[in-house]
Structure formats: structure tokens, C-alpha cells
Amino acid sequence: VQLQASGGGLVQAGGSLRLSCAASGSIFRINDMGWFRQAPGKERDLVATITDGGRTNYADSVEGRFTISRDNADNTVYLQMNSLKPEDTAVYYCYSQISHNRWYRRDYWGQGTLVTVSS
């Protein structure tokens, strides 16, 4: 299984970006999907997650500004980021918990995409 993330870049404060992450390979079912981020010198933190049923969870710092969604037909998770702030600058990693059959599942991570917000 591979997770291919895209959509990062440089944006001014107050701007918007949309991240995408597509899963491919031997997939029986995708359970939770989500986004994490890691700023320089800091740990990787949760940004948002979404269950296969569509239930979402957000970090307090992005609540109301970011929206996570998924397309189950395309095995893709999205992160719409609005009202971006310089403190949102980080490498963003997508995540998926994937079942390979009814008995085995594991976590996968994308390669990371850099988001830089200038002030």
C-alpha cells in the first residue's frame, strides 16, 4: 500500500490550501484516515481524523478553519485549510488505517507535504 500526498506549498497568512492523499495497493477496507503535522523541532501532532463513517475529529488549533473529508470510492482523504496562520507551517503527513483482510490491519503514512505560511 502507498499513500501519495499532494497539495502543499507556500501561501500568505489568511490564504487557503487543499491537501489530498490517495491510497493505492492491496486494500480490503480503509478504516480511519487523517492528517498529522510536524513543525521544525517539534513532535508530530494530530490535525484531523475521519472515520469510515464520516465522523471527524480536529485539533483545537485548527477547529473551524480546517475541514477533513474523504472519498471512499477513490480511497482519498482531503484537508481543506482556510485562514492559514504562520503557525500552521509544517510538514503534513496523511495517515490511513487499512485492513488487508478481515483479520489483519495496519497503519500507513504518506511521504509528507510541506505547507509554508508567510506572515
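**Charged pairs and the disulfide**

Guide: Asp88 is buried, with a relative accessible area of 0%; buried means under 20% relative accessible area, exposed over 50% and partly exposed in between (1.4 Å probe, protein chains only). This is a predicted model, in which local features need pLDDT of at least 70 and side-chain atom pairs count only at pLDDT 80 or more, while totals for chains, interfaces and linings use all residues. Residues are numbered from 1 along each chain as its sequence is written, and side-chain values use heavy atoms, with hydrogens and water left out.

Visitor: Which residues are linked with Asp88 in a network of salt bridges?

Guide: Side chains of opposite charge can pair when their charged atoms come close. A salt bridge is a side-chain nitrogen of Lys or Arg within 4 Å of a carboxyl oxygen of Asp or Glu. Here the network links Asp88 with Arg37 and Arg65. The closest N and O atoms are 2.9 Å apart for Arg37 and Asp88, and the N to O distance is 2.8 Å for Arg65 and Asp88. Arg65 is buried at 12% relative accessible area, as is Arg37 at 13%.

Visitor: How many disulfides does the structure hold?

Guide: A disulfide is a pair of cysteine sulfur atoms within 2.5 Å. The structure holds one, formed by Cys21 and Cys94 with their sulfur atoms 2.0 Å apart. The torsion about its S-S bond is about 45°, so the disulfide is right-handed. Cys21 is buried at 1% relative accessibility, and Cys94 is buried at 0% relative accessible area.
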